[in-house]
Amino acid sequence: MTDQPAIVLRPASDEDAPRIASLLSDEGYPAGPSDIVARLDRFAAPSAVTVASIDGEVLGFIAIHVMPRFEHGDWIARILALVVDPGVRERGIGRLLMAEAERVGREHGAVFVEITAGHHRPDARRLYESLGYDATVTSYLRKRL
């Protein structure tokens, strides 16, 4: 029996920008490395961007924004992006990144984590629901400005 290399979670850095841009572009959200560097600069604590890597190769990332709610005196964590390389899905990387989002949220006093998943991404929806996320509590509306 051979040991699998360990998945390492760490804060994203500017050096990760080309890989993050590639992963995001492959999911239909075109971005270049300079776009990602600019976006990483906007994600200071309590928000975070975390990458998952094996042997130094970035295989996925998650962007988490922690913010106060106005209607209550507490905080929430919102997952803004979660992408795992299609070639390594079903290896638990998405679950690890989701657990990291929950850890970040708890660390900053968030009472819950929320995430949106398009109907065109049924695998993502199944993952979130398997982790206890309730798909019946939301109504998501959007208007382009």
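1. Let's start with the contacts of Val83. Setting aside neighbours within four places in sequence, Val83 is in contact with Leu23, Leu24, Glu27, Leu59, Gly60 and Phe61 (contact means heavy atoms within 4.5 Å). Val83 belongs to strand S4, residues 75–84 (helices, H or I, of at least four residues, and strands, E, of at least two, are DSSP runs numbered from the N terminus). Val83 is buried, with a relative accessible area of 7% (buried is under 20% relative accessible area, exposed over 50%, partly exposed in between, with a 1.4 Å probe and protein chains only).

2. A word on the source: this is a predicted model, where local features need pLDDT of at least 70 and side-chain atom pairs count only at pLDDT 80 or more, while totals for chains, interfaces and linings use all residues. Residues are numbered from 1 along each chain as its sequence is written, and side-chain values use heavy atoms, leaving out hydrogens and water.

3. Now for helix H3. Its 15 residues, 93–107, reach 21 Å from first C-alpha to last, close to the expected 21 Å (1.5 Å times one less than the number of residues).

4. Which residues of H3 are buried? They are Ile93, Gly94, Leu97, Met98, Glu100, Ala101, Val104 and Gly105. Seen down the axis of H3, these fall within an arc of 155 degrees, so they line one face of the helix (the arc is that of the directions from the helix axis to the C-beta atoms). On the other side of H3, Arg106 and Glu107 are exposed.

5. The cover over the buried residues of H3 includes strand S4 and helix H4 (122–130). Just after H3, Gly109 has a positive phi of about 80 degrees.
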